[in-house]
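The following paragraphs lead the reader through a ligand site and then through a pair of packed helices. Please examine the sequence and the model before reading on.

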Amino acid sequence: MVKEVTTNSEGLATGISYINKVDRKEYALKAKTVVLAASACSSARILLNSKSSQHPNGLGNGSDMIGRYLHDSTGSSRTFFIPDLMNRKTYNEDGVGGMHIYSPWWLDNKKLDFPRGYHIEVWGGLNMPSYGFGFGASDLNKYIGGTVGGYGDKLREDVKKFYGSVMGVSGRGECIARKDNYCEIDPTTVDEWGIPVLRFNYTWSDHERKQARHMHNTFEEIMYNVGGVALGEKPGAEKDYGLLNPGRIIHEVGTTRMGNDPRTSVVNQYQQMHEVKNVFVVDGGPFVSQADKNPTWTILALSWRTSEHIINQVKQQNI
Amino acid sequence: MDRRDSMKSLLVGSLAGGLVLKGCAPATTESDQQAPPIAEKYYGRTTDEIVRDNKLLEEHFFTIHELETIATLCDLILPATNSAGSAVEAGVPEFIEFMAKDMPDHQLPLRGGIMWLDSQSNKKFKRLFKLCSPEQHKELLDEIAYPKIDAKTPQPGVQFFTLIRDLTLTGYYTSKMGIEDLAFKGNQPNVWDGVPENVLKDHNVSYDPDWLAKCLDTSKRNDTAKWDDDGNLIT
Ligand SMILES: Cc1cc2nc3c(=O)[nH]c(=O)nc-3n(C[C@H](O)[C@H](O)[C@H](O)COP(=O)(O)OP(=O)(O)OC[C@H]3O[C@@H](n4cnc5c(N)ncnc54)[C@H](O)[C@@H]3O)c2cc1C
């Protein structure tokens, strides 16, 4: 468990100190170059915990940007009952768990009342039963004039009648990264390794709320056109249009943002820290924006690029 | 559902099938008691999960009377048919015992609900629910099995029956017997030919032959991928 990056009198990294989880003792590792890949928030945490006289605000944090511009994808969902899919024949499939529909910025996004865009994921089908299967199994009868409730053979028939007839649609979109959405070191709390933990300050803005409103209107438009019946209430303004709490879509990025200007960014185009040239960050932290998509492939691509850069720099004896 | 929750429920769901209660269930036999530890029985558990599963399996929550009442209810909810076994045959009472320990929020509503049901049957028929006749069972259940907004409906009974029905269905349909009853086919590796013709017909849709030709090449589906020395795919 890495605690901090250690530095010398010139403020350059000399390695890391870490806790061995087995013997619970602290050790030091020496290194010429340190590459952090602890995931966006954890790398920010390590950097913020690495304070020294050269880096009193955390390693490479003269700009006070580390932890800021934290953003996660937006997420809001709805489920629909599709009467046409009742009494399905079963065959070689086990359902769909979040298929992305290609929906690039909703055609011309100038007509939207929010910036950027989102995509829709659909799920449903003849999934393998898991815990929760059969809960409320006969409730859908209320939409087709059947009897809700019961037991015995009637109930067994209901299960089969409705199996695979519910579809979900989820919107996943871009949250606009903002300086005032940030994580920072919690001054009062440590984890079991004695390392100070993060605390989070994050709110949605009208950009995300309007996007989620648009999602729900679109869900209904699509699903009514396929003959679906919406389940549950459509979430309104009082519920931020069903936006899940920040962090729930688990695409947190942005905490060590990339840029050319050391005053407004933490790393350069090679994910190298502006203020500490032998430290690199290769997780989602350097993302300035994450579009509407899941981040992993971009994390991989950028870290690949950084790896090649490090090799070149080492060969040229720059680091 | 949150992806983490669904992962968890997948684990719990696959665990539902054949749990064995040690010692206290009336139907428990000697060989059941020596069932292999969960580590050998189920695939894919981490060490921490195995330790927790085994700990829960060693604990008892329900009394024998409660388990017998649960078994009676389970078989009223899903009796055997010509082609499928009953909920008790699928091991659902053992599943409910496990879930009550795994998710302790279930404990009070289940225990209280069983007492409520016994007191109803005592009032009406002067006997415990599990000892009632089929007609008496029907009379008691018909009052609580259909959620009606009606002043006369005993709401605690409706709540309890909904819970036990949900758990019975989930326990049954995550067991081998239930999966077979549902005719779940799953995803069979290397045999995807698209949605069957007769299903497409039922919904008045068909594949576009051009796209089908591009997307599905059944002649190569059993080939193993090969790469050249430079890492280029050559198959
Ligand atoms: C349930 C779930 C589903 C997801 N689905 C998708 C998806 O479908 N597609 C997609 O693109 N993305 C998905 N994501 C997001 C994706 O997993 C992450 O964006 C990605 O894994 C981040 O990669 P990373 O290398 O930055 O960090 P991680 O993969 O989180 O790796 C960081 C590693 O560093 C270790 N670490 C952290 N702190 C320390 C420390 N102090 N000392 C030592 N080690 C440390 C961690 O243990 C971990 O092994 C999903 C995320 C979750 C949680």
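Around the ligand there are 16 residues, of which Val2(A), Ile250(A), Asp283(A), Asn294(A) and Thr296(A) come nearest; a residue counts as near if one of its heavy atoms lies within 4 Å of the molecule. The site is shared between chains, because residues from chains A and B surround the ligand.

This is a predicted model, in which local features need pLDDT of at least 70 and side-chain atom pairs count only at pLDDT 80 or more, while totals for chains, interfaces and linings use all residues. Residues are numbered from 1 along each chain as its sequence is written, chains are lettered from A and ligands numbered from 1 in the order in which they are written, and side-chain values use heavy atoms, with hydrogens and water left out.

Individual atoms of the site may now be considered. A backbone N or O atom of Val2(A) lies 2.7 Å from a nitrogen atom of the ligand. For Asn294(A), a polar side-chain atom is 3.1 Å from a ligand nitrogen atom, and for Thr296(A), a polar side-chain atom is 2.9 Å from a ligand oxygen atom.

Two packed helices are described by the angle between their axes and the distance between the axes. In chain B, helix 7 (residues 107–125) and helix 8 (residues 134–144) pack at an angle of about 125°, with their axes 11 Å apart. Axes are lines fitted to C-alpha atoms, for helices over the stretch in contact (heavy atoms within 4.5 Å), and angles run from 0 to 180 degrees between N-to-C directions. Helices are DSSP runs (H or I, at least four residues), numbered from the N terminus. Helix 7 of chain B and helix 8 of chain B are therefore oblique to each other, a term for angles that are not under 35 degrees (roughly parallel), over 145 (roughly antiparallel) or 65 to 115 (roughly perpendicular).

Key
Helices (H or I, at least four residues) and strands (E, at least two) are DSSP runs, numbered from the N terminus. A polar contact is a pair of N or O atoms within 3.5 Å; within protein, one must be able to donate a hydrogen and the other to accept it, and residues adjacent in sequence count only if both atoms are side-chain atoms.
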